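Here's a quick tour of how the pieces of this model touch each other. Take a look at it first, then read on.

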2 protein chains.
Amino acid sequence: MAEKQPTIKEIAKRLNISISTVSRALHNHPSIGLKTKTLVQQLAQKLDYEPNQMAISLQQRKTFTLGVILPGLSESFFSSAISGIEEVANMNGYTVLMGQSHDDIEREKQLMETMKKHRVDGLIISITKNTKTFEHFEFFKKANIPVVFFDRIPDMNDINYVACNILSGTIKAISYLLKARHRVIGMINGPKTLVATAERRDGYMQAMQKNRLKFDPSLVFNCDLSKESVYEATQKLLSHSRKPTAIVTFNDYVAMDAMHYATQQNICVNKDLLFVSYVNLPMLPHLKFRPIASVEQYPFKQGQKAAQMLVELLQNKIENTERQMHYKIIIDSDLVIHA
Amino acid sequence: MAEKQPTIKEIAKRLNISISTVSRALHNHPSIGLKTKTLVQQLAQKLDYEPNQMAISLQQRKTFTLGVILPGLSESFFSSAISGIEEVANMNGYTVLMGQSHDDIEREKQLMETMKKHRVDGLIISITKNTKTFEHFEFFKKANIPVVFFDRIPDMNDINYVACNILSGTIKAISYLLKARHRVIGMINGPKTLVATAERRDGYMQAMQKNRLKFDPSLVFNCDLSKESVYEATQKLLSHSRKPTAIVTFNDYVAMDAMHYATQQNICVNKDLLFVSYVNLPMLPHLKFRPIASVEQYPFKQGQKAAQMLVELLQNKIENTERQMHYKIIIDSDLVIHA
DNA sequence: TAAGATTACGCAAACGTTTGATAACTGCGT
DNA sequence: ACGCAGTTATCAAACGTTTGCGTAATCTTA
């Protein structure tokens, strides 16, 4: 059988007209007569003609494809985000080429290579928690392919990004705890490579300052988000000379692990020890032990914004490269309290 | 700056050799001398040359791209699945073009259109819960693009698919409950469009038969997976003349909604009323109310298998189309008990 | 009715590759 | 000096589109 996909050429031959006429007819070009136009369109319909995107892309040097690289879809944060991305991408006629780095730098680089080969028109990326070198991003810049960073943004200048205001979120979180009379607040923070980690710390400091309280850096521990390192951090906090009555964790997953550990140490979570965290997973209300509050980061919205930004960058490509403009969007976060 | 991406042509010009020589040199073709070969490769390196996949795809009529259409990534089942797909896709040099149907048929069709335009080499799809007409699939068949259905498979002949053995999983689930002396077991099943729904019902029947018990069809209710319809089904079961002591639900989400409803009716979940379901979400152990057992469907593995199947289909494309062969893989499911 | 304007179409180049057929060099034996 | 086999490199067509430019054919209009 192997019916070959019909081409514009085929249609032209059958109708005994030129290729260009067919092309124009299908695009409703004014210079084509109504008769031939309908003739062409009918035949195209009948043959199930579909333009070959490859040929078009080659011709136009544009693939109508957006690359998206995320650490992993298993975190609902990212799967929501990609939904947002996909939505506005599709609305604007783009398709999404997706890849997961699984927090592995090599994979991240490799994915970027593939995407460059596939000539994605632009890239949206949330970097690995271990990414420290940034040459591979320069690559894209050189190739003049716009990149939008998203949520996990690298510590570089001259980049486009959308992120969530973690600083203000943290201030809200800490203030909430302070208002509830907590005075010793521990923090299980993330990997130092992430700006979001620094922001959390800063937020903590600023919140304390605002309330004319002293910030105790020994109450802040970093972890690499693995279960083991969370346990370790929790353990250190629990055996701290100033034993905290509340802990702010990097995200809900960290909180869950920390709570698990604390429970095993016979600590009554949510009574002796409160947790506040980030992300605000949709399952939170269904959990047995849950953080009493969590900073909502609106991943879907972030995804939308990122895609929108990218689409705009693509549309104003020339002007932007001349002006060396960079877009930054910081969307507000909110503390959601789970009574 | 707008540095144009270097092409093979550019390299040829700079080195004063022909285009074809460059192409061959980069492919290590034997008919190119070592001298020129290294010369070319060095320059290519220096210029950060990347072959233009569009041109290659056009030439070879192959895009090295796999289309994946899923109902939605928010369900962890599907996000695991796509991870499995991506893994083996990448291992075999393919990239993944992704789309979510959000259980909307129109979107599903539209996505298939785009993917066809983009000339994906093959498609992996888990259909919408509402998909009843199948012409759009025939389209792909005609175009000779292999399709692998996955988990949610349509009721058609002559298709490739990988799915999970829901029948045996259901038998295990029901048997488990019977062994625990439950005699009145309700079932909140899914939409009738899905084969998996029929399988669940069959499994229920067969398990009863095996134990020489009578199957009561009035204890089985369908729902469309929405919260409201779950509530409704639960309500009907709770007011049934034979009030069940255990309920088997279509999946964990349905179970959660049903439990929520039951709790509101002052029923003590997991004491007066047990739940058994499917999917076995990773969060299950952390939930406040959870099904006492859930049928694990190994989504990651299913994804891997599906991608593997597709890759094989692609490799043996000619032979297969001649022989009209179709692959089917049914992987085993297991009942996981959450003590 | 000839000049100009308009309408409807065709030509051919270009996008960046790959690849079968072909040609130009090299060295060698005679 | 000549042919001959390697070895190495070039030519040109093809993949399926889009689009600027050119040109018949038809239509106005004075």
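Two strands pair if DSSP finds at least two bridges between them. In this predicted model, strand β2 (residues 95-100) of chain A is joined to β2(B) by three bridges, and the two run antiparallel. One pair to look for is A:V96, whose bridge partner in β2(B) is B:M98.

That pairing is part of the meeting of the two chains. Chain A and chain B put 50 residues each into the contact, and about 4900 Å² gets buried between them, 54% of it on carbon and sulfur atoms. On the chain B side, B:E50, B:M54 and B:R119 lose the most area to chain A, together 15% of what that side buries.

How many salt bridges cross the interface of chain B and chain A? The rule finds five. In one of them, B:K116 sits with A:E50, the closest N and O atoms being 4.0 Å apart. There are also 16 residue pairs in polar contact between the chains. By class, the chain B side that touches chain A has 20 nonpolar, 18 polar and twelve charged residues.

| Residue (polar backbone atom) | Atom of DNA strand D | Distance |
|---|---|---|
| A:N52 | phosphate oxygen | 3.3 Å |
| A:A55 | base nitrogen | 3.5 Å |
| B:S31 | base nitrogen | 3.5 Å |

Definitions and conventions
Residues are numbered from 1 along each chain as its sequence is written. Chains are lettered from A and ligands numbered from 1 in the order in which they are written. This is a predicted model: local features need pLDDT of at least 70, side-chain atom pairs count only at pLDDT 80 or more; totals for chains, interfaces and linings use all residues. Side-chain values use heavy atoms; hydrogens and water are left out. A polar contact is a pair of N or O atoms within 3.5 Å; within protein, one must be able to donate a hydrogen and the other to accept it, and residues adjacent in sequence count only if both atoms are side-chain atoms. Contact means heavy atoms within 4.5 Å. Buried area is the accessible area (1.4 Å probe) that two parts lose on being put together, summed over both. A salt bridge is a side-chain nitrogen of Lys or Arg within 4 Å of a carboxyl oxygen of Asp or Glu. Ala, Val, Leu, Ile, Met, Phe, Trp, Tyr, Cys and Pro count as nonpolar, Asp, Glu, Lys and Arg as charged, and the others, Gly among them, as polar. Helices (H or I, at least four residues) and strands (E, at least two) are DSSP runs, numbered from the N terminus.
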